[in-house]
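Please keep the sequence and the model open while reading.

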Amino acid sequence: MLTNYGYKDGSGEYFITIDTEKCTGCQKCVAICPAQLFEVVADPFDPLAEREIAVVREEHRKKLKYSCVPCKPSGERLPLPCVQACQPQAISHSW
Amino acid sequence: MAEAVATATPQKREYWRWTEYNWRDESLDWRGARVISVGIDVGSVSSQAVILCDGKLFAYSSLRTGSNSPTSAQRALDAALEKTEVPREKIHYIVATGYGRVNIPIAHKAITEIACHARGANFIYGPTVRTVLDMGGQDCKAIRCDEKGKVTNFLMNDKCAAGTGRGMEVMADLLQVPIEEVGPASLAVDEEPPPVSSTCVVFAKSEVLSLLRLGWPRERVLAAFCSAMAHRTVELLMRIGVEREFAITGGIAKNVGIVQRVKRELGIEALKPKIDPQIAGALGAALFAKALYEKEQKQ
């Protein structure tokens, strides 16, 4: 399942997508994100499945544009730490 | 000197206010039921409670959410129980969902409304539903699901009230059109006017006021507003992709002005609900409550 966190506003679209089929709940994104964007919790979208997946923390969902600023300078941009750290390639950003 | 006379001003009519209701299936007898499960959806504008007997829809209620979610949940449950004679202690399992779900002490578990809406839509519209648009009180969700009602992709816009019930209430009040008549009135135009601003309800409100000052009739203004809101939700849907069959849940599913325009813009029909589409979230929660109770019993 593709879980999209974020929003669209007058300035653009800001979404982080996590593919829950790929996510293993390994915690690597949690450790590497300088803004502590992620957390690993019991799958909120399938209460009957007993497994843990990464989600974007509630308090960041409406301000992703600003939360992600440390890794997204306006000049030359290095690969995003969360995208790189995720071995199953479950994380992607829309901007 | 003339005496000041207190003139009784007539009570101002609340155009935004919609009717609260409850319902029960008279043909069902709860006494024989093995599992009585309850789902309570405490939304930002309205609260629903659904009672299921062995997975069959037995009773439901829809009320306005107050400022306190535990009380709103209790009121919704009481209203649903009112016609049923089911004693409170006969309920086996309660699942809470919606905006206020985290703070409901009477519930055994809280589940995100995205999972609940997909499950509820699957129950209301049948297993052919693949895309669900939930237009709620304060947010709007586009959900893709499989034949079992399991979510496969979702997108939520809860940053702004544009395209939601709250925005609709604001317009109903501003234009003094009862909320139930907003949809039909917005369709009573010969030609679709250009839409108003769709990024924000407050901007839309000031735009609507200037249109009124230009002498636009109310119907035309409502058409401009509804088409903006429909366009906004269609954009949300386009991001996750629309697959047949398509259904709309939530309070706005009852607004024909929005439903017609969403259909027109998407170019596909929306399924007709057999049950009140506003209870989809609570219904999904009640279905989860049944599954969770059975799982607990097995252990």
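## Basis

This is a predicted model: local features need pLDDT of at least 70, side-chain atom pairs count only at pLDDT 80 or more, and totals for chains, interfaces and linings use all residues. Residues are numbered from 1 along each chain as its sequence is written, while chains are lettered from A and ligands numbered from 1 in the order in which they are written.

## Where the chains meet

Chain B puts 17 residues in contact with 13 residues of chain A (C-beta atoms, placed from the backbone, within 7 Å). On the chain B side, helix 2 (113-125), strand 9 (151-157) and helix 8 (280-298) each supply at least two residues. Helices (H or I, at least four residues) and strands (E, at least two) are DSSP runs, numbered from the N terminus. Strand 9 of chain B gives the most, with six residues.

Strand 1 (residues 2-9) of chain A runs parallel to strand 9 of chain B, joined by two bridges. Strands pair if DSSP finds at least two bridges between them. A:T3 has B:F154 as its bridge partner.

## The sheet of chain B

Six strands of chain B form an open, mixed sheet in the order 1-4-3-2-5-6. Strand 1 (21-24) and strand 6 (109-110) of chain B are the edges, each pairing on one side only.

Strand 2 (residues 36-42) and strand 3 (residues 46-53) of chain B run antiparallel, with seven bridges.

Methods: Two residues are in contact if their C-beta atoms, placed from the backbone, lie within 7 Å.
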